[in-house]
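Let's go through this one by question and answer. Have a look at the fold before reading on.

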Amino acid sequence: MANYVTVAPEGKGEVSGIEVVVPLVGKAAAPIAGQLAAKLVKSATLRWRVARKVRASSDIQYPGRLYRRWLKQLNLKALTEPVEVGGPRLALDLDQYFSVESTWRDGISHHSSAILLVEATYDAMIALADQADADILRDHWARARHEQLLHAFSQEFGAPMRLTPSDEAQLLRRASAARRRVRLEPFGIDEEVISAAFDSLRTRVPVVAPGEVRVLIGPVGSGKSEVAEDWFLSTVDRFAVEAAATRPIWLHAREMRNDSLETNVARTMSVDALATRGASIVVDGLDEVEAALAARIVAEAKVFAGTHKKSGALLTCRPGVLESTRDHSHLEGLSQEEATLLIERVAGSARVTWSWNPLLADAVRRPFFALAAAIAIREGERPTGQADLIARLVQRALSSESAASAAVRSSEIYALLIRMAIEATRTGNVRDGLTFQERQQVRASTLVHERVADQSLEFTLPIFQQWFAAQGVLADPATTLSAIESLESFDRWRWVLAIAGIASSEEQLDSLLEQVFLWNPGAGAWLLTQIAEGHSWFRPSASAPIESENAKARLLRATRAVVSSIGPLAPTMFPINAPDDPIVLGVRTDGSQVSSGWLSDSSGGDRVIDLPVDVGPFRQEREGWRFWRSGAIPEGAEWPWLLPVDRIASSSLDLLNRTSLFGPENGVWRTESAYRTARSLIGQQSILHAPMSRELLLDRASALLQHTPEPETTLFVTGNRRIPGLDLLNLVAVLNASTRKEFGRLVPRPDFPAKKAESTWVWDIYSDEQLQRFYAETFGLACVAYDEAVSTVFLKFAWAMGTGAQGEFGVIAHLDFRGTGLLGARSPGITSAVVPLDALGPALRHSDLPAYWSSNHRAVVTLSGVTESTENWVSRHMRHEHQPGKFASSNPFARGSSYSTSVADASSHSRPASQKAANWLWADLQALNLGRGTFPQLDR
């Protein structure tokens with residue numbers, strides 16, 4: 001007897017897509033089947049003959065007398081219909097008929113048995129027909145149609161069924177194929193090509209042991225659902241043939257909004273079956289629900305796997321939703337070589353990716369984007385970036401002759417899909433915004449399917465939802481307000497805005513970028529990068545000339561929005577004294593070239609005027625004018641926005657190197673700046689960093705300041721040293737706020753160990769323990785310095801500054817020494833990582849080495865002696881717990897746990913804490929495309 005298994009009908013709670021319906025009874029077979037059925041009902045002899053043949057061809061135990069009575073009252077209409085239509089009703093009818101007067105339902109696979117008996121009945125009826133009719137019927141009622149009959153029965157039955165594992169495996173494979181068809185429909189290319197495209201991904205299928213939960217992390221288009229599908233099918237294959245194999249279950253995260261994982265599994269498996277077999281569960285799409293629900297699902301999966309030791313689970317999610325832990329497997333997609341080979345195979349030409357920009361080249365490492373790019377190239381198009389690839393994919397699906405294209409053929413359905421996409425995006429896929437009647441209309445398109453929990457609709461693919469929501473943004477710019485309500489809302493809407501941006505008119509684009517920049521400049525910079533991706537910085541000289549007045553107005557609008565958006569940062573990068581000062585631009589156009597400059601004039605409001613001909617890069621500047629730029633403008637309608645943003649990117653490194661006065665008075669940034677100014681003032685250059693007399697410093701500073709009534713704008717020169725007046729005033733303020741007689745560095749000084757007295761290396765003026773204390777205090781103060789800068793100068797960026805985007809953070813670090821090398825017999829190495837502040841203590845449990853905590857408890861540093869290994873507890877912790885470079889929060893701008901390892905040579909710096917904080921700030925700005933250059937050098 002087969003094992004008892006329960007299976008939810010396909011399509012109930014799973015992705016439904018393009019149904020493959022193969023009619024099994026054609027026009028020629030229908031009348032023949034009807035005539036046979038009528039004879040069977042009227043003739044007891046024929047019923048006996050059918051019953052004997054069924055008994056002889058099957059080893060199923062069933063009540064023969066009841067079977068013959070069932071034949072007498074056979075549903076004639078069902079027999080004349082195609083098998084996939086009538087067969088399920090016959091099987092369901094037979095199952096119910098037997099159950100009334102026998103113990104039939106006690107059988108552990110009675111549904112499979114009923115289907116097999118109906119199939120045997122079809123075969124027996126074929127034997128009653130003459131040869132010609134039998135051939136027609138045999139062609140349509142063959143046993144090869146068992147899978148279609150199973151599928152149709154599952155749809156007709158509408159509740160968990162009792163099937164054999166092999167029957168259930170067929171249904172599970174069919175459901176898997178339907179999901180794949182939905183994901184791959186937009187590509188419209190041969191399935192063998194797509195299968196080959198994912199061959200390399202199959203080597204990345206993770207191993208999930210019994211009692212284990214793995215989370216497959218990959219960006220949009222990386223193929224994580226395909227990898228999960230391969231894992232699912234491997235469990236289906238084992239389930240079909242192994243008596244003790246786990247039962248495969250596929251769920252989508254959206255199905256679990258109202259019910260727990262345990263409840264969802266209970267709909268498919270009985271408690272006994274779960275205890276006997278266990279379950280292999282896939283939960284797809286954690287990134288398509290809110291972060292709190294995703295975290296809940298992960299927690300429930302871990303509890304489930306811990307309780308049911310034979311069970312395991314594989315979950316899929318994009319980066320940035322879940323905090324990274326050791327049970328994450330990261331799927332980065334294809335290698336660059338694999339992506340190139342795939343594109344060239346599909347596109348049919350070689351070397352097509354050689355001239356692609358780095359962002360696009362990186363995007364096509366994701367298999368779905370690689371396929372989209374290949375199709376575009378094959379059709380003579382040139383994709384520019386991720387948003388462009390998404391738009392092309394959806395437009396291709398809507399242009400094909402399929403049920404999906406019904407969305408654009410009907411204006412009413414099209415409008416409903418837009419409304420549905422906007423509501424789903426706005427609510428995080430909680431609601432579809434449609435009435436019951438509207439849902440019936442929208443179902444005409446395969447772009448959507450039904451949610452079991454509440455019978456509302458959702459898009460079958462996220463890219464469909466993003467594209468339709470983008471059309472809503474283009475139709476009504478006020479929709480953008482929903483995207484800039486919070487960080488969470490922007491995360492849901494950002495790709496929608498990018499898709500809208502690449503398809504917008506100049507006015508629409510300016511309105512969109514203006515709203516987003518004024519809300520958060522980091523979000524605006526991200527959006528601008530996506531829209532401009534793939535566009536050349538210099539428009540070809542043969543391009544059509546731009547309209548002068550329109551260009552002037554647009555450049556002024558963009559500059560005002562960008563200047564206002566960065567707030568207190570603006571005076572450090574633009575020739576204005578305050579972010580709300582009037583902006584007066586001079587602009588001159590010539591074909592596709594634009595020259596521009598700034599006029600210092602606060603007498604009126606913002607305005608744009610003609611740039612005087614004698615203001616240029618090689619001419620003597622006219623009084624009040626400051627030249628900005630001249631040359632060809634960038635490609636794309638977004639060019640007016642790129643110019644002021646480029647000014648920020650080209651100025652930010654100099655800002656970090658030269659601007660010393662971030663943060664509050666007497667904060668870390670200003671105090672370290674004052675210390676460096678003090679050394680310059682008295683000419684101290686020694687790496688010993690000896691304390692300086694406070695009284696002497698004040699006397700020297702006062703002697704310089706008395707020479708000018710406007711020290712703020714004065715550059716003081718003493719010897720070969722230059723001291724900005726603001727830095728000198730800051731030194732005086734810091735000294736006046738102190739009561740100590742001496743002024744020294746904030747971090748520990750050298751302690752001159754006797755055993756290192758003959759060394760010439762800067763670190764050897766410290767004992768090992770003192771160097772450990774130095775780094776602990778430096779990292780602790782660096783955390784404070786970063787916070788000071790972000791809360792003052794970079795205030796408007798808020799959560800877009802990635803290092804601190806996940807909240808208050810600290811640093812874990814390890815100091816050790818290399819036994820050999822170019823840097824001496826005992827060259828020190830420091831390994832450090834930024835982690836959430838509440839993770840410092842737990843992280844330290846990975847080490848039993850001596851640890852020193854910074855005074856502010858924002859950093860902890862361990863110490864070990866000479867070692868040849870580059871592996872230590874910090875690197876192990878980051879590899880297993882936080883994955884360097886991976887997001888650790890639901891903030892899309894979070895850079896995750898910044899990790900570094902280097903020679904420990906920072907002890908000679910005048911501003912070591914500020915230098916580390918500047919490195920973090922610089923990485924944040926570069927991530928937003930707002931930083932261009934090498935790296936900060938504060939002691940330069």
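**Burial, sheet and helix packing**

Q: Does glutamine 530 count as buried or exposed?
A: Keep in mind that this is a predicted model. The cut-off for burial is under 20% relative accessible area. Glutamine 530 comes in at 11% relative accessibility, so it counts as buried.

Q: Which residues is glutamine 530 in contact with, leaving aside its neighbours within four places in sequence?
A: Glutamine 530 sits in helix H27, which spans residues 521-532. Once neighbours within four places in sequence are set aside, its contacts are Trp495 and Ala498.

Q: At what angle do the axes of helix H19 and helix H25 cross, roughly?
A: Helix H19 covers residues 386-399 and helix H25 covers residues 487-502, and their axes come within 9 Å. The crossing is at roughly 80°.

Q: Which residues of H25 make the contact with H19?
A: On the H19 side, the contact is made by Gln386, Ala387, Asp388, Ile390 and Ala391. By class, the contact has seven nonpolar, one polar and one charged residues. H25 brings in Trp495, Ala498, Ile499 and Ile502.

Q: Which strands stand at the edges of the open sheet of five strands?
A: The order in this open sheet is E4-E5-E6-E3-E7, with parallel pairing. An edge strand has a single partner strand, so one side of it is left without a neighbour in the sheet. That applies to E4 (247-252) and E7 (328-330).

Q: What is the bridge partner of leucine 251 in E5?
A: E4 and strand E5 (residues 279-284) run parallel and are joined by six bridges. In E5, leucine 251 is partnered by valine 283.

Q: At about what angle does helix H12 run to E4?
A: Helix H12 (residues 224-241) lies across strand E3 (213-217), E4, E5 and strand E6 (312-317). Its angle to E4 is about 155°.

Q: Which residue takes a positive phi in the hairpin of E15 and E16?
A: Strand E15 (residues 715-718) pairs with strand E16 (residues 721-724) in the antiparallel sense, over four bridges. Leucine 715 stands opposite proline 724 in that pairing. Two residues lie between the strands, and the positive phi, near 65°, belongs to glycine 719.

Notes. Residues are numbered from 1 along each chain as its sequence is written. This is a predicted model: local features need pLDDT of at least 70, side-chain atom pairs count only at pLDDT 80 or more; totals for chains, interfaces and linings use all residues. Side-chain values use heavy atoms; hydrogens and water are left out. Two strands pair if DSSP finds at least two bridges between them. Contact means heavy atoms within 4.5 Å. Axes are lines fitted to C-alpha atoms, for helices over the stretch in contact, and angles run from 0 to 180 degrees between N-to-C directions. Ala, Val, Leu, Ile, Met, Phe, Trp, Tyr, Cys and Pro count as nonpolar, Asp, Glu, Lys and Arg as charged, and the others, Gly among them, as polar. Buried means under 20% relative accessible area, exposed over 50%, partly exposed in between (1.4 Å probe, protein chains only).
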